[in-house]
Amino acid sequence: MDNGSKPFHLSQERRVIVIDDDRDFLESLSRLLELEGYAVRKASNKTDAWYVLDAFPAEVALIDIRLGQGSGLTLLTELRNRFPKMACIMMTAYASVPTVIEALLGEAYDYLCKPFIKEDLVATLDRCFEHTWLTREREQAISALEQRNEELVQINAGLHQVVGSMQELSTCSTLQQLCTVLLNDVVRTSKADGGTIYLRQDDQLILKDSLNTDDAPAALSLPLTEENLFSKAMATRLPEVISDLQRQKGPASKSWSQYAKHSFLVFPLVGDHEDPIGVIAVHSEQGSPFTLQECEFGRILISLGCEAIRVLNALENVAASEERLRKIVDNSPSAILLKDYEGRYLMVNKRFEEWHGRQASDTVGKTSSDIFAKPIARIYNAQDKDVLAGGKVINEEVSIPFADGTLHSLLMTKFPVLDTKGNPTGIGSISTDITDRRRVEEQLRQAQKLEALGLLTGGIAHDFNNLLAVILGNLSLVREERECSGLIEELIDDAHASARSGAELTERLLAFGRQQELHPRVTDVSTFVRNNSRLLERTVGGEIEIVTEFGKDLWNAEVDQSQLETSLLNLAINAGHAMPDGGRLTIKVSNFEVARSQSQPKDSFARNQYVLLSVRDNGIGMSPEVADRAVQPFFTTKEAGHGNGLGLSMVYGFVKQSGGHMEIVSHVDKGTTIKLYLPTAGELDRQPVAIPQTRSESINRNERILVVEDKPAVRKLATTILTRLGYRVFEASDGFNALRLLANEQGVDLLFTDVVLPGGMCGVELAQRARALQPDLNVLYTSGYADQVFARKDVAEDDVMLVKKPFTKEDLECAVRAALEEGTSQS
Ligand SMILES: Nc1ncnc2c1ncn2[C@@H]1O[C@H](COP(=O)(O)OP(=O)(O)OP(=O)(O)O)[C@@H](O)[C@H]1O
Ligand SMILES: [Mg+2]
């Protein structure tokens, strides 16, 4: 046989056992075989054969079919049972067919008939060896295949689990749920006993879940210390197997001491940019339980888990941003809506629901024509058409009734909603309610108009006062100058009375112009109303019932009481006129606090708290046009002689000058309420103090008085009166002349000066500079109206003495005396 054709077993030892009871034959055959290169052992009986085979794994046995007392065939059966892979060749001297059949049935590989030639023997043996080795190789191949098969079954099962986990993970709606699922799946796939999952939150790892793990720390601070079980995996972003925690010097941290004999498999969880977002650690009690395959499946699961976390985070971000947007849209003070190309509502916000009294669910899918009355739907549809056709943004102001029936001005912005190619797919709209703004603007316009009118009126009244001062003063001088006949006396009296009513009229105009002299005092308005109730009854007459309502714990107001009385009377008279057939006049006092949200023109409510005095009648009321103009001076709807239109303007001016606010609420045939918001005590600006109207007895007529007045007639009047009273009088037309005179003329006792002077130096400044020259100088001011000049010049109230224009001789006499005596008493 050509050995070169069978290289696969040339290098291998060929072990043969020869079993024969014929010792000579046994010896010679063994030698022959050894010479042929076989490893040979001999046995002459069954016992020897067992003994030899215990130590010598023969691949082939040469068995004599007749073995002394025993049969070779029996031995064949026993050998096959014990060494099934050993091939047996039977040797027989009787090549009878029945024996051969028996041997082959007994699972002999072949047989040789004695005597046999060497070539037959070697050929039979080689065939037998080849067969044996082929059988063994086939068996090894089958076993390897089976093992591979088993592995594939396991991989298949693992993949099944992974697919199942993937589906499970994709249905998780919260991070917590996802962590629980992921941990369970990783523990199951890696056949671990338990584990933990941590997610990063700011600078901590937070325990999200644990399975069969006691005392896992609830939080770990980042960065992790080197000893931490997770630190390496987190740092390298690679899974780490720790086969025996006990032997790990570093990671055997205290928290895991009870798992000292466990193996750990630690997987880092990584985010979008490979940044560590958490960690999963599973543990097992067995020595080295985690196979490569288990690690691989763990890795796959972890990467699926990380993907699921990313998706969930992204979804949560989208949901949070949607929620934020929804909140902004719903809390917007504007109505926001979207419509599709056909004009059907796709979405409306809360404000829209409130304004139009219909839920979004009732609105979505409908069109403006389904929801609004025809005229309004027509406006909306036309706007929508313009927006879609022109592709432009439109801004329009529209008047729309709300669900409660009130008409509102809306500033509406409509814009096309475009698809990615820029084609319009619908309409967006944002509407802001500007009703309040418009009202406030109107109020402001009205207030500004009144203010301008007030300035004009005040200016005229001021000049008029100078004229009246001269007329009144001169009339009293004329009366003193000469003995008057009855007629002249009468004429002078009439002139005096007319000038007096002129002065009263001027007074009311000054009141409207907010330029009258006020003496605010802390006033309990309810008591004030009570005290005036008789007067009110007399004023409005018996047909009218007067009702008073007073709130609890009322604050005090700080107002000029005599002006308040005049105001109350004016309002009562107006109410009386509005109820010619009788009615009810309700006077109410309450505290009023300005709500923060109240939208009012800035100058309406400069303070937060007011005492509200409201006077309500159920008379004829005013049309909006009349109510609009009622405050203007000389506006009246009354017949000539029944009213000159100064009542409400006086009240308005007084309240405004006091730092308060006035409101008219009136409806035709329903009645009128006039609300006076009076400033609460303690918040008022300083005002000049009035001169006490007392006459002094101690008169030293030789005192020297410097009169400073730019109007020659008034200056002349003052000079004449004072000279007649026996004072030595000097005069100057402005501050500079006055100072020059004071510098030359020593010993002036009193500076009597107009507050308003030409040439840039006012009376107050003059007084200050004059006192610098002559510190003990007394000062008396005169003015046609109370100006803020004292406050502006930072002059203390107590330092100011003032006589109001127009003054009579008596007024001036008193004032001068008081001013001189004030100086005397101070020195
Ligand atoms: N309570 C009221 N009811 C109805 N209309 C009123 C009421 N109060 C005022 N008015 C209207 O406002 C106008 C102006 O009122 P105001 O008090 O300023 O002047 P008057 O009453 O006409 O004249 P005066 O008060 O100077 O005698 C009145 O003419 C009237 O048309
Ligand atoms: Mg009136």
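Of the 20 residues around ligand 1, Asn574, Thr636, Thr637, Lys638 and Leu646 come nearest; a residue counts as near if one of its heavy atoms lies within 4 Å. The model is predicted: local features need pLDDT of at least 70, side-chain atom pairs pLDDT 80 or more, while totals for chains, interfaces and linings use all residues. Side-chain values use heavy atoms, without hydrogens and water.

The table lists polar contacts, pairs of N or O atoms within 3.5 Å.

| Ligand 1 atom | Side chain (N or O atom) | Distance |
|---|---|---|
| oxygen | threonine 636 | 2.6 Å |
| oxygen | lysine 638 | 2.5 Å |
| nitrogen | threonine 672 | 3.4 Å |

Taken alone, ligand 1 exposes 590 Å², and the protein buries 92% of that (Shrake-Rupley method, 1.4 Å probe).

The shell holds 8 nonpolar, 9 polar and 3 charged residues; Asp, Glu, Lys and Arg count as charged, Ala, Val, Leu, Ile, Met, Phe, Trp, Tyr, Cys and Pro as nonpolar, the others, Gly among them, as polar. Helices H17 (561–578) and H19 (647–657) each supply at least two shell residues. H17 gives the most, with 3 residues. Helices (H or I, at least four residues) and strands (E, at least two) are DSSP runs.

Five strands form an open, mixed sheet in the order S20-S22-S23-S25-S24; pairing requires at least two DSSP bridges. Strands S20 (544–550) and S24 (661–667) stand at the edges with a single partner strand each, so one side of each lacks a neighbour in the sheet. S24 pairs with S25 (residues 671–679) in the antiparallel sense over 7 bridges. Isoleucine 664 has isoleucine 674 in S25 as its bridge partner.

Key: Residues are numbered from 1 along each chain as its sequence is written. Chains are lettered from A and ligands numbered from 1 in the order in which they are written. A polar contact is a pair of N or O atoms within 3.5 Å; within protein, one must be able to donate a hydrogen and the other to accept it, and residues adjacent in sequence count only if both atoms are side-chain atoms.
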